[in-house]
Amino acid sequence: MASTTKEPDRVEWVQVDVAATVDSAELLSALGDPHVSGAWQEEHVVHLYWPEVGWGSDTLKALHNALERLGVRLEPSSLTINRLPQKDWNAEWARRVEPIRVGRFVIRPSWHAVALQADDLELVIDPKQAFGTGHHATTQLLLEWLPELIGPRDRVLDVGTGSGILAMAALKLGASCALGLDNDAVAVDCARDYACANGFDDRLQLDVLAATDETASAAFAPTLVLANLDRQTLLTAAQALSRHAARGARLLLSGLLADQRTEIEEIYGRNGAYLIRSREREGWLALELGAMEGCEG
């Protein structure tokens, strides 16, 4: 009689390493593949995981198409595919996903304890399909900037919230409430899990809604809008996001490469939102915009 026990060296997972300047959350969103079981990022490499039964030539083609939509054309050496036994999967997570410090924030997976300093703010985020653990420069730009901008009366709208990391960070810094929106229902479900794990109450609301949909966000009446999105989504949502600036909100845009600055400034300027300040990190750019009366100089 055949044993039902799996062989210890049986291949169970496919690990795909993408060496490219792309945000892993944006890549997962562009893929839209329900079989992707995990992702994490280190420096300029995105690591994606599929169960072997969910991987094939069509999956690889879809990955290339998703990267092209994000403006990434890979060299053959920039993509590595490995097959992992089941036992290697959990070890890979535990070994590679380390806590990081970004400004005042300590962001760690649940299996890594960290000794906190007096001024540290902790966020516990385990990598999941809706990835956003603070490792990418676009997120770090905003995490470092937020302490200068958040006040106790701020109502923070986080558009394209992903894991909810920026909305949670804003509340940790003392914002009165936050609303995180994402058009990906899986991301919102994951963000709700993270919010629960970090002990957030009803000051943090999370919902499934596109960046261009103004219904819920206008009713929320934000004073600060965070939009860590890809270039195309920021362009598409320019009119909707700029309306928040017209109502007095400040806009923080991230997810941009430095050479995309002029294009973004122009379209937001045509919609009444103008540059106040900017920051750059590792070739990525974050912009603070406001209505004309809110501009300095």
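Start by selecting Glu288 and the residues around it. Leaving aside neighbours within four places in sequence, Glu288 is in contact (heavy atoms within 4.5 Å) with Trp145, Leu149, Arg250, Leu251, Leu252, Tyr274, Leu275, Ile276 and Arg277. This is a predicted model, where local features need pLDDT of at least 70 and side-chain atom pairs count only at pLDDT 80 or more, while totals for chains, interfaces and linings use all residues. Residues are numbered from 1 along each chain as its sequence is written, and side-chain values use heavy atoms, with hydrogens and water left out.

Now colour residues 284–290: this is strand β14, where Glu288 lies. (Strands are DSSP runs of E, at least two residues, and helices are runs of H or I, at least four, numbered from the N terminus.)

Is Glu288 buried or exposed? Glu288 counts as buried because its relative accessibility is 3%; buried means under 20% relative accessible area, with a 1.4 Å probe and protein chains only.

Next, show the side chains of Glu288 and Arg277. They make a polar contact at 2.8 Å. (That is a pair of N or O atoms within 3.5 Å; within protein, one must be able to donate a hydrogen and the other to accept it, and residues adjacent in sequence count only if both atoms are side-chain atoms.)

For the last stop, select Leu157, Val159, Leu181, Ala210, Ala211, Asp213, Glu214, Ser217, Ala240, Leu241 and His244, which line the largest cavity. (A cavity is a set of points on a 1 Å grid over the protein atoms alone where a 1.4 Å probe fits but cannot get out; lining residues have an atom within 4 Å of a point.) Finally, highlight α9, which gives three residues, the largest share of this lining.

Key. Buried means under 20% relative accessible area, exposed over 50%, partly exposed in between (1.4 Å probe, protein chains only). On a 1 Å grid over the protein atoms alone, a cavity is a set of points where a 1.4 Å probe fits but cannot get out, and a pocket is an open set with protein on both sides within 12 Å along at least five of seven lines; lining residues have an atom within 4 Å of a point.
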